[in-house]
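Hi everyone, thanks for making the time. Please have it open in your viewer.

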Amino acid sequence: MYSGHIPAEDIFKLVYVPFTVPEGISEIRVKEVYSDQGKNVLNLGIYGPEGYELGNSAGFRGWSGGAKTEFFLNAAEASTGYIPGKIKPGTWNTIIYPSTIIPEGIDWQLEVTLITGTDKTPFKITPAVEVVNRQPGWYRGDLHMHTYHSDGKRTQQDLLDEATANGLDFVVSTEHNTNSANLSWGHYKTDKLLVLNGEEVTTTAFGHWNAIGLDAETLIEWRYSPSDNVINTYLKQVHIDNGLAIINHPFYNVERTNSFGFDVDLFDGIEVWNGKWDELDNMAVQWWDSLLRQGKAKIAIAASDSHTPVSLENALGIPQTVINSRALARQEIMAGLRAGKAYLAYNKELTISLTAKSGSSSAGIGDTLATSQGEKVQVRLSIKGAPDAVVTLIGDKGALTTEKVKGNKTELSWQVDSKSTKFLRVEIRTSKGDMVALTNPIWLS
Ligand SMILES: [Zn+2]
Ligand SMILES: [Zn+2]
């Protein structure tokens with residue numbers, strides 16, 4: 001039994017609790033008990049004898065944040081969030097991390113149980129299949145979600161069933177600070193659904209970001225602050241995998257200020273629409289728009305951040321990101337998104353197409369249109385599935401025009417002076433102002 005006290009001022013300070021594992025141990029069980037659970041939150045994880053210094057993914061053996069107070073691991077199996085594998089002798093470290101503390105602090109205890117025995121058949125890493133089909137098209141995906149592998153309330157199979165039922169073509173698995181789910185997606189039969197690997201890199205103090213499109217075995221480090229100036233190392237790791245780094249729900253906190261503490265310039269995109277549309281999403285869209293006006297081409301994405309299978313307001317795929325891709329395959333989906341060839345939609349019923357033409361050149365969402373001297377830009381938009389919506393064409397100085405549409409299918413067209421704006425994008429909202437769909441920009445050169 002290990003115990004201690006964390007004073008309130010030590011919030012966000014990592015505590016490592018070492019223990020020795022002798023030869024012949026086949027399973028470790030850890031149980032955490034702490035004062036005022038519910039008001040206090042003491043996150044939990046573990047590192048093996050390979051070590052726990054920053055970026056040491058060989059030592060990483062699991063993380064459950066505040067979602068669990070006990071876990072086990074052995075050669076064949078582990079609690080969700082933890083990595084099964086041989087229990088090697090040496091010094092292991094349990095990590096505890098206070099993310100909420102009442103003024104009295106936290107009194108904690110850890111009970112570590114070491115079980116002797118012979119190893120069962122070892123766990124085999126089985127990543128998701130990377131190619132579903134080779135057809136070019138617009139593919140509907142949800143880029144942010146959780147299962148029991150972090151604080152979600154669904155199994156991996158539940159998640160795949162829901163995604164299929166909700167008409168998605170792909171999902172990105174994004175658990176908080178662990179890649180444990182990514183190691184086993186290949187165990188599940190998905191037929192037409194593509195599963196991509198990701199991780200929600202989560203610091204309570206400085207915000208959350210998603211690393212998406214990773215190799216299954218890649219683990220992205222989260223244990224640093226903006227002033228440590230090390231985040232570049234880990235963003236580089238994301239890009240080596242051809243992945244993207246997306247800032248999540250930037251206005252998440254109750255003060256409604258931008259709670260994201262890292263430099264936006266280092267990131268590829270922003271989740272401007274997280275789950276049910278609300279004022280925080282409005283603020284995120286405004287922030288993204290202000291960056292576009294500065295010429296910073298950040299990719300906008302929408303995702304459900306769904307945690308439970310039952311909640312209708314927060315179902316998988318509401319909202320979703322629809323990507324123009326050369327195939328339903330990992331590398332092509334990531335390439336389409338990287339190029340900004342994506343629009344954001346409330347659900348699968350909503351389809352839009354936006355094109356711009358100038359002289360003999362034409363461009364779609366994410367493209368750059370070469371504009372010809374003296375030629376007007378012809379913009380065309382078709383919308384399906386947004387009856388009675390309000391459509392706004394937006395440039396780098398704000399709204400260019402607004403129209404109310406009638407009926408389920410609509411075609412709109414406009415003429416724009418090529419020198420009047422550096423980009424064109426569209427927002428489609430209900431008459432009350434809730435977002436129904438928005439596009440990434442078409443850039444004008
Ligand atoms: Zn989050
Ligand atoms: Zn999340």
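Which residues coordinate the zinc ion that is ligand 1? They are Glu200, through OE, His208, through ND1, and His249, through NE2, at 2.0 to 2.1 Å. Please keep in mind that this is a predicted model. Along the chain, these donors follow the spacing E-x7-H-x40-H. Glu200 sits in strand β12, residues 194-203, while His249 is in the loop between β14 and β15, so this pair links distant parts of the chain, 49 residues apart. Are these two buried or exposed? Glu200 counts as buried because its relative accessibility is 1%, and His249 counts as buried at 8%.

Now to the other metal. The zinc ion that is ligand 2 is coordinated by His144 and His146, both through NE2, by Glu200 through OE, and by Asp305 through OD, at 2.1 to 2.2 Å. You will have spotted Glu200 again: this residue bridges the two zinc ions, which lie 3.5 Å apart. Asp305 lies in the loop between β16 and β17, and Glu200 in strand β12, so the pair ties together parts that are 105 residues apart in sequence. Asp305 counts as buried too, with 9% relative accessibility. The donor spacing for ligand 2 reads H-x1-H-x53-E-x104-D.

What about the geometry, since I know this group will ask? The four donor atoms around ligand 2 subtend angles of 80 to 168 degrees, and that is why the arrangement is irregular. For reference, the ideal angle for four tetrahedral donors is 109.5 degrees.

Let's follow Glu200 into the strands around it. Strands β12 and β13 run antiparallel and are joined by seven bridges, with a hairpin of three residues connecting them. Within that pairing, the bridge partner of Glu200 in β13 is Asn210. Asn210 in turn has Ile246 as its bridge partner in β14, and β13 and β14 pair in the antiparallel sense over four bridges. How enclosed is β13 by the rest of the structure? It is largely enclosed, because eight of its eight residues, 207-214, are buried.

Next, the nonpolar packing. The largest nonpolar core has 45 residues, and those touching the most other members are Trp209, Ile220, Phe267, Ile270, Val272, Trp273 and Trp288. Helix α3, residues 279-293, gives the largest share of this core, eight residues. There is also a second, separate core of 29 residues, with Val322, Ala356, Ile365 and Ile428 among them. As a general reminder, nonpolar side chains in soluble globular proteins tend to be buried together.

Which strands make up the open sheet of four? Its order is β2-β7-β4-β5, with antiparallel pairing. The edge strands are β2, residues 15-21, and β5, residues 60-65, and each pairs on one side only. On average, neighbouring strands of this sheet are turned by 20 degrees against each other, direction ignored.

How values were computed
Residues numbered from 1 in each chain as written. Chains lettered and ligands numbered in written order. Predicted model: local features only at pLDDT ≥ 70, side-chain atom pairs only at ≥ 80, totals over all residues. Heavy atoms only, no water. Donors = N, O, S within 2.8 Å, 3.2 Å for Na, K, Ca; no water. Helix = DSSP H or I, 4+ residues; strand = E, 2+ residues; numbered from the N terminus. Buried < 20%, exposed > 50% of the residue type's maximum accessible area, 1.4 Å probe, protein only. Core = buried A, V, L, I, M, F, W, Y, C linked by side-chain atoms within 4.5 Å. Pairing = 2+ DSSP bridges. Axes fitted to C-alpha atoms, helices over the stretch in contact; angles between N-to-C directions. Tetrahedral: all angles 85-135°; square planar, octahedral: opposite > 155°, others 65-115°.
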